[in-house]
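Student: I would like to learn how to read a structure feature by feature. Where do we begin?

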Amino acid sequence: MQNNISEPADSESVRRLALSEWDSEGGAGPQGSQEQSHAPSIPDTDTVQLRIRVIALENLVIAILAAGNEQQLCLAGEMANMISPQQGSVPHPLTIKAASHMVDLTEKSKYFRAERSI
């Protein structure tokens, strides 16, 4: 079976392709944020469960980065830079916060890396 999907030539292209849909995070594009009023509300119990899962995932990411190598830490920093507002797009507050949070997680992992080397 032949695969008609062309693959990007370098890792930079792969990362840009993977993040290309994030440019319109939250409906923000060149025209700005476009709120969606038809989104269903999430019950409080579901919101609590989502928060618990996010906390768990953040701590797993910190642990994985702490056990990783310098190249992986650099890649995490590059990813944070890539989801920062792109030229020609309206900055979306959630995307800006996400990039900042990625940097914070990377910095926290460096603390645990230092403790492991003692």
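Tutor: With surface. Accessible areas come from the Shrake-Rupley method with a 1.4 Å probe. By that method the protein chain exposes about 9300 Å². Carbon and sulfur atoms supply 57% of that area. Keep in mind that this is a predicted model.

Student: What share of the residues counts as buried?

Tutor: Buried means under 20% relative accessible area. Of the 118 residues in the protein chain, 17% count as buried.

Student: How many helices and strands does the chain have?

Tutor: Four helices and zero strands. Along the sequence the pattern reads α-α-α-α. As for contacts with a separation of 6 or more, 70% of them join residues 24 or more positions apart.

Student: How do I check the length of a helix, say α3?

Tutor: The expected span is 1.5 Å times one less than the number of residues. Helix α3 covers residues 70–83, which is 14 residues, so it should span 20 Å. The C-alpha atoms at its ends are 21 Å apart, which agrees.

Student: What caps the N-terminal end of α3?

Tutor: N69 does. One of its side-chain oxygens lies 3.1 Å from the backbone nitrogen of Q71.

Student: And which residues of α3 are buried?

Tutor: L73, A76, A80, M82 and I83. Two of these names return with T106, a residue of helix α4. T106 touches L73 and A76, and also L65, leaving aside residues up to four places away in sequence.

Student: Is T106 buried or exposed?

Tutor: Buried, because its relative accessibility is 7% and the cut-off is under 20%.

Student: How should I read a salt bridge?

Tutor: Side chains of opposite charge can pair when their charged atoms come close. This structure holds two salt bridges. In one, the side chains of E70 and R113 meet at 3.5 Å, N to O. E70 lies in helix α3 and R113 in helix α4, so the pair ties together parts that are 43 residues apart in sequence.

Student: What else does R113 touch?

Tutor: Besides E70, the list holds L65, A66, G68, N69 and L73, with residues up to four places away in sequence not counted. The side chain of R113 reaches the backbone oxygen of L65 at 3.3 Å. Then compare sequence with space: R113 and A67 are 46 residues apart in sequence, yet their C-alpha atoms are 6.9 Å apart.

Student: Which residue forms a salt bridge with K110?

Tutor: E107, with the closest N and O atoms 3.3 Å apart. K110 and E107 are three residues apart in helix α4, so about one helical turn separates them.

Student: How exposed are K110 and E107?

Tutor: K110 has 39% relative accessibility, so it counts as partly exposed. E107 is partly exposed too, with a relative accessible area of 44%.

Student: Last topic: aromatic rings. How do I describe a pair?

Tutor: A pair of aromatic rings is described by the distance of the centres and the angle of the planes. A search of the whole structure finds one aromatic pair. Y111 and F112 form it, 5.3 Å centre to centre with 80 degrees between the planes. Planes over 60 degrees apart count as edge-to-face, so this pair is edge-to-face. F112 is partly exposed, at 40% relative accessible area.

How values were computed: Residues are numbered from 1 along each chain as its sequence is written. Side-chain values use heavy atoms; hydrogens and water are left out. Helices (H or I, at least four residues) and strands (E, at least two) are DSSP runs, numbered from the N terminus. Buried means under 20% relative accessible area, exposed over 50%, partly exposed in between (1.4 Å probe, protein chains only). A polar contact is a pair of N or O atoms within 3.5 Å; within protein, one must be able to donate a hydrogen and the other to accept it, and residues adjacent in sequence count only if both atoms are side-chain atoms. Contact means heavy atoms within 4.5 Å. Rings of Phe, Tyr and Trp (its six-membered ring) pair if their centres lie within 6.5 Å; planes under 30 degrees apart count as stacked, over 60 as edge-to-face and the rest as tilted. A salt bridge is a side-chain nitrogen of Lys or Arg within 4 Å of a carboxyl oxygen of Asp or Glu.
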